[in-house]
Amino acid sequence: MEKSKEVEERFFGLLRHALPGTAPAVEEVAQWQAADWSAVYEMAVRQGLQAVLWEVIARLPQECLPPRALKLRWALSAEGIAQHYGKQRMVAAELADRWAEAGLRLFVLKGFAFSRYYPVPAHRECGDFDCFLGEGRSKADEVAEAAGAEIERPVDYKHTHIRYKGVVIENHRFCVAIRGSRRVKEFERLLEGLLAGDTAPEYVEGTRIGIPPLMFNALFLTWHALTHFLLEGIRFRHIYDWACLVAAEQHRLDWERFYAVCDRYRLRRFVDAMNTMAVRYCGVRITNPAVVAESPYAGRILDSILYDDASISNRNKGLWWKRFKKTSNIFRYQWKYHAIYQKSYAGQIAGLVYGVLFDRHPKL
């Protein structure tokens, strides 16, 4: 994808106003042409933030809005994202009730756990609904199947897919991909311990969808974003998730403990870069002196997010193509392992091979 600093500046110029709930000055957008608006819209779609940017555009005076056709397209896209969010919430709430009646406890991963920090939660673009039931995964599948759901089992050792009333639900046995790594299994035990220790969880309002504790969400978001960044790239929505969480929780998160875990599992450089991007590009104001928001890697990570072609998911390719693509990505973007993850790319490939050959059905 061709790099364009002008499009970046316009895109982030709008995005910086989303969290504060402000509008750009008229002179910032008054001279934009139809092609400028179209390029910003396309970047917003690629980065999973079209509904978020629509909130900012809707605050502009009439004379500064995009051309009518694009304005309608943008508004309808935002409405569609909100409707999908609402449908996911409704279907997940129904299954959460059924699982609770069966003695199972559901924690949501990603989407709904992070969306509550968005100015408009329903504008957090979601794919599948990810949930964690741990050792209750198989029973949860049975309960859902009895309710009329279609179960794809196994998708892999980590989760199954539940298809129910037009919604795809990833039912996780493990929070993260643990195959082939003792260190990652240790991290998984830490995450599951945080969930098990949450004896009075919060819930998505009006449902029995459990929201994980803050420390879990901070660590899981960081791990999830980093591992995807390493293997297949991420969208800027991952950074915006983090920005929204930090903006809301920077004075409640135990940063000393959080940073200690990040240092142990080689997450620290990526976290510092996410904080830096949250401030530079998302309009976050850091007022807690414990938070580090200066990273020499933020610019290169941003370029990779915006312009690298490393995606694997949703490409309708087979298992062996995905494995080949992962391996080629590791080689092609090996700087990520050296500079950000502080691990050799050869070691990463060796771990993947070991996992496939000798740890096909991993356990903690």
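Which residues point one way from β5, and which the other way? I started my notebook with that one. Val167, Ile169 and Asn171 point one way, while Val168, Glu170 and His172 point the other way, and all are buried (buried means under 20% relative accessible area, exposed over 50%, partly exposed in between, with a 1.4 Å probe and protein chains only). In a regular strand the side chains alternate between the two faces of the sheet.

Ground rules I noted: this is a predicted model, where local features need pLDDT of at least 70, side-chain atom pairs count only at pLDDT 80 or more, and totals for chains, interfaces and linings use all residues. Residues are numbered from 1 along each chain as its sequence is written, and side-chain values use heavy atoms, with hydrogens and water left out.

**Entry: strand β5**

I looked up how enclosed β5 (residues 167-172) is: six of its six residues are buried, so the strand is largely enclosed by the rest of the structure. Helices (H or I, at least four residues) and strands (E, at least two) are DSSP runs, numbered from the N terminus.

Next I checked its neighbours. β2 (residues 129-132) pairs with β5 in the parallel sense over four bridges (pairing takes at least two DSSP bridges between two strands). Phe132 has His172 as its bridge partner in β5. The β4-β5 hairpin has two residues between the strands, and Lys165 takes a positive phi near 55°.

**Entry: Lys185**

Is Lys185 buried or exposed? I found it buried, at a relative accessible area of 14%. Lys185 sits in helix α8 (residues 182-196). Its side chain makes a polar contact with the side chain of Asp359 at 3.0 Å (a pair of N or O atoms within 3.5 Å; within protein, one must be able to donate a hydrogen and the other to accept it, and residues adjacent in sequence count only if both atoms are side-chain atoms).

**Entry: salt bridges**

I found 20 salt bridges in the structure (a side-chain nitrogen of Lys or Arg within 4 Å of a carboxyl oxygen of Asp or Glu). One of them joins Asp303 and Lys3 at 3.3 Å, N to O. Asp303 lies in helix α13 (residues 298-307) and Lys3 in the segment before α1 (5-15), so this pair ties together parts that are 300 residues apart in sequence.

Glu186, also in my notes, meets Arg264 in a salt bridge at 2.7 Å, N to O. Glu186 lies in α8 and Arg264 in α11 (residues 255-264), so that pair ties together parts 78 residues apart in sequence.
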